[in-house]
Amino acid sequence: MGTAGQGVTICLIDDGTAHDHPNLKNHIWQNPGEIPGNGIDDDGNGFADDVRGWNFLTNTNDTYGLEHGTRTAGLIVGDGSVPDFAGNQWVTGVAPEAKLMITVIGTTQSSFWACEQYGIAMGADLISSSHSFKWVVGDFPDYHLFRAMSDAELAAGVLHVNSSGNQGNDPNYPVPFNIPAPANSPPRSATISRFPRGSRARSRSAP
Ligand SMILES: [Ca+2]
Ligand SMILES: [Ca+2]
């Protein structure tokens with residue numbers, strides 16, 4: 001569509017991102033009100049030295065990771081500045097000019113909300129997450145919490161992008177909030193995707 005995410009801040013909720021990766025390093029959000037490394041919460045947001053985001057698993061400013069959260073970051077802002085082994089320069093990101101705010105989710109559903117609150121408070125335009133909570137693998141999803149999260153994002157004008165079911169079962173998030181939207185696409189369009197899996201197709205929408 002001719003856009004590359006200029007001027008957009010995206011809050012990624014994942015397990016940490018290698019912010020020094022050559023394809024990512026020029027697209028990492030920097031907290032303008034925070035002086036790094038002085039142990040002080042300079043901008044008074046409750047998090048000391050949160051220069052790139054916050055880790056809600058360790059409750060530290062260490063948002064570094066080399067696994068899933070680096071891969072998803074590459075899908076969002078990877079600019080392909082470094083060629084692969086074959087010499088190809090792949091622009092892997094859908095919005096390579098956006099800035100990526102990094103949050104690390106903990107083990108609890110409330111930590112998901114904490115990441116979202118951080119993103120909203122720090123001015124993210126969009127929140128992206130691959131996490132979902134399913135009763136087949138853990139506690140029953142706290143639908144009231146997720147409803148409140150969605151309402152908070154809506155009130156803040158933040159677009160939320162999330163994975164849906166990913167374990168071979170029927171979709172269960174964000175299906176409880178599968179509210180028809182003007183941009184909804186026909187459900188069958190989801191069948192082209194490898195992920196998610198399950199017996200039912202998902203509706204997708206895009207602004
Ligand atoms: Ca701070
Ligand atoms: Ca500081």
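Mentor: Read along the sequence, this chain runs β-β-α-β-α-β-α-β. That gives three helices and five strands. The model is predicted.

Trainee: How far does the pLDDT of the chain go, on average?

Mentor: The average is 82, and 75% of the residues score at least 70. Where pLDDT is low, the predicted coordinates should not be read in detail. Here, pLDDT stays under 50 over residues 171-201. The model has 52 contacts beyond four places in sequence for that stretch.

Trainee: In what order do the strands of the sheet lie?

Mentor: Start with the general idea. Strands of a sheet pair through backbone hydrogen bonds, either parallel or antiparallel. In this model the five strands form an open sheet in the order 2-3-1-4-5, with parallel pairing. Strand 2 and strand 5 (159-162) stand at the edges. Each has a single partner strand, so one side of each has no neighbour in the sheet. From one strand to the next, the twist averages 20°.

Trainee: How many bridges join strand 1 and strand 4?

Mentor: Four, in the parallel sense. Look at Cys11: Ile127 in strand 4 stands opposite.

Trainee: Which strands does helix 1 lie across?

Mentor: Helix 1 lies across strand 1, strand 3 and strand 4. Its direction is at about 155° to strand 1.

Trainee: Which residues touch the most other members of the largest nonpolar core?

Mentor: Ile10, Leu12, Ile76, Leu100 and Met101, out of 28 residues in that core. At least two core residues come from each of strand 1 (9-14), helix 1 (68-77), strand 3 (99-104), helix 2 (109-121) and strand 4 (126-129). Take Leu12. Beyond its neighbours within four places in sequence, Leu12 has contacts that include Ala73, Ile76, Leu100 and Ser128. Over the chain, buried residues make up 33% of the 207.

Trainee: Is Gln30 buried or exposed?

Mentor: Count the C-beta atoms around the residue. Gln30 has 12, so it is exposed. Its place is the loop between strand 1 and strand 2 (53-55). Gln30 still touches Val51 and Arg52, leaving out residues up to four places away in sequence. Gln30 and Val51 are 21 residues apart in sequence, yet 5.5 Å apart in space, C-alpha to C-alpha.

Trainee: What span does helix 3 reach?

Mentor: Compare the end-to-end reach with the expected value. Helix 3 (residues 143-156) has 14 residues and reaches 20 Å from its first C-alpha to its last, close to the 20 Å expected. Gly157 follows helix 3, with a positive phi near 70°.

Key: Residues are numbered from 1 along each chain as its sequence is written. Chains are lettered from A and ligands numbered from 1 in the order in which they are written. This is a predicted model: local features need pLDDT of at least 70, side-chain atom pairs count only at pLDDT 80 or more; totals for chains, interfaces and linings use all residues. The expected span of a helix is 1.5 Å times one less than its number of residues. A nonpolar core is a set of buried Ala, Val, Leu, Ile, Met, Phe, Trp, Tyr and Cys residues joined through C-beta atoms within 7 Å. A residue is buried if 20 or more other C-beta atoms lie within 10 Å of its own, exposed if 12 or fewer, and partly exposed in between; C-beta atoms are placed from the backbone. Two residues are in contact if their C-beta atoms, placed from the backbone, lie within 7 Å. pLDDT is the predictor's confidence in each residue, from 0 to 100. Two strands pair if DSSP finds at least two bridges between them. Axes are lines fitted to C-alpha atoms, for helices over the stretch in contact, and angles run from 0 to 180 degrees between N-to-C directions.
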